[in-house]
Amino acid sequence: MLAYYGAQISPHMTDTPEGYLICLDVPISRTGEMTYRASELGLDGRDRLVTVYRDPADVFHPDALASFEGKDITAGHPAESVSPVNHSAYSRGHVQNVRREGDFVIADLLVKDAALISDIKNGVVREISCGYNCVYTPLPDGRYSQTDIRGNHVAVVPRGRAGHEVAIKDSAGSAGKGTKTMSKFSE
């Protein structure tokens, strides 16, 4: 059991004594269908839309879940994969406690960048978009399946492909600022 001490902003957000932001129980990914541009899959027809199916067996595969543990949080998607060479340019925190909950991959986000913390608290950005490597396979019905998902980063964005449910949650009128609390979660 991990515990953090800080000022609870809402049931899902806590400020640490250092000023970092902990976002608890954040849906970072989901199963089901999503729409991509053909070019994003390396296919012809740049702006043609392609439906990609994300099967629960692939999204929740133990290797896929484990691949997001400890990954960097970014403000938007970087133009390249996050690596040791560019980590300091892109990292704004890290992902921890990755797990399955229903049709979603859930994680806790420890955000360490003042500008991103401000944008999250002010509702400028709240949606999540994962950056990852995967394999796309054509299906007989014209859709594609996404398999072998391996995380690279988790971007906080104004609007994510997975929709409004895949976002940092808040609850207006919940706990007030300055309330000292222990935020607990299982590891």
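Where is the place of Asp25? I looked this up to begin with, and found Asp25 in strand E3, where strands (E, at least two residues) and helices (H or I, at least four) are DSSP runs numbered from the N terminus.

**Ground rules.** I am working on a predicted model, in which local features need pLDDT of at least 70 and side-chain atom pairs count only at pLDDT 80 or more, while totals for chains, interfaces and linings use all residues. I number residues from 1 along each chain as its sequence is written, and I note that side-chain values use heavy atoms, with hydrogens and water left out.

**Overall.** I find four helices and eleven strands in the protein. Of its 187 residues, 45% count as buried, where buried means under 20% relative accessible area, exposed means over 50% and partly exposed lies in between, with a 1.4 Å probe and protein chains only. Taking the contacts (heavy atoms within 4.5 Å) with a separation of 6 or more, I see that residues 24 or more positions apart account for 64% of them.

**Positive phi.** Asp25 has a positive phi of about 55° although it is not a glycine, and at 31% relative accessibility it counts as partly exposed. I noted Asp148 as well, which is in strand E10 and has a positive phi of about 50°, again without being a glycine. At 44% relative accessibility, Asp148 counts as partly exposed.

**The largest pocket.** I next turned to the open spaces, using a 1 Å grid over the protein atoms alone: a cavity is a set of points where a 1.4 Å probe fits but cannot get out, a pocket is an open set with protein on both sides within 12 Å along at least five of seven lines, and lining residues have an atom within 4 Å of a point. Grid points are joined across faces, edges and corners, and a volume is the space filled by probe spheres set on the points.

The largest pocket has a volume of about 350 Å³. Its lining has 22 residues, of which His77, Ser129, Cys130, Gly131 and Tyr132 are the closest to its centre. I find that E3 (21-30), E4 (32-37), E9 (127-138) and E10 (144-157) each supply at least two lining residues, and that E9 gives the most, with seven. By class the lining has ten nonpolar, nine polar and three charged residues; here Ala, Val, Leu, Ile, Met, Phe, Trp, Tyr, Cys and Pro count as nonpolar, Asp, Glu, Lys and Arg as charged, and the others, Gly among them, as polar.

**The cavity.** I find one cavity of 30 Å³ or more in the structure, and about 50 Å³ of space lies in the largest cavity. Among the residues lining this cavity are Ser29, Arg54, Phe68 and Ile149, and helix H2 (residues 62-68) gives the most to the lining, with three residues. By class, the lining of the largest cavity has six nonpolar, one polar and one charged residues.

Is His153 buried or exposed? His153, found in strand E10, is buried, with a relative accessible area of 6%. A polar contact of 2.8 Å joins the side chains of His153 and Asn152; such a contact is a pair of N or O atoms within 3.5 Å, where within protein one must be able to donate a hydrogen and the other to accept it, and residues adjacent in sequence count only if both atoms are side-chain atoms. Leaving aside neighbours within four places in sequence, I find His153 in contact with residues including Phe68, Asp72, His77 and Cys130.

Val154 is also placed in E10 and is buried, with a relative accessible area of 0%. Beyond four places in sequence, its contacts include Ile28, Phe68, Val95 and Cys130. Val154 and Val95 are 59 residues apart in sequence and 7.6 Å apart in space, C-alpha to C-alpha.

**Helix H4.** Which residues of helix H4 (residues 114-121) are buried? I find Leu116, Ile117 and Ile120. They cover an arc of only 105° around the axis, so they lie on the same side of H4; the arc is that of the directions from the helix axis to the C-beta atoms. These buried residues pack against strands E2 (13-15), E3, E6 (72-75), E8 (104-111) and E10.

At the start of H4, a side-chain oxygen of Asp113 reaches to within 3.3 Å of the backbone nitrogen of Ala115. Ala115 counts as partly exposed, at 49% relative accessibility. Just after H4, I note that Gly123 takes a positive phi of about 75°.
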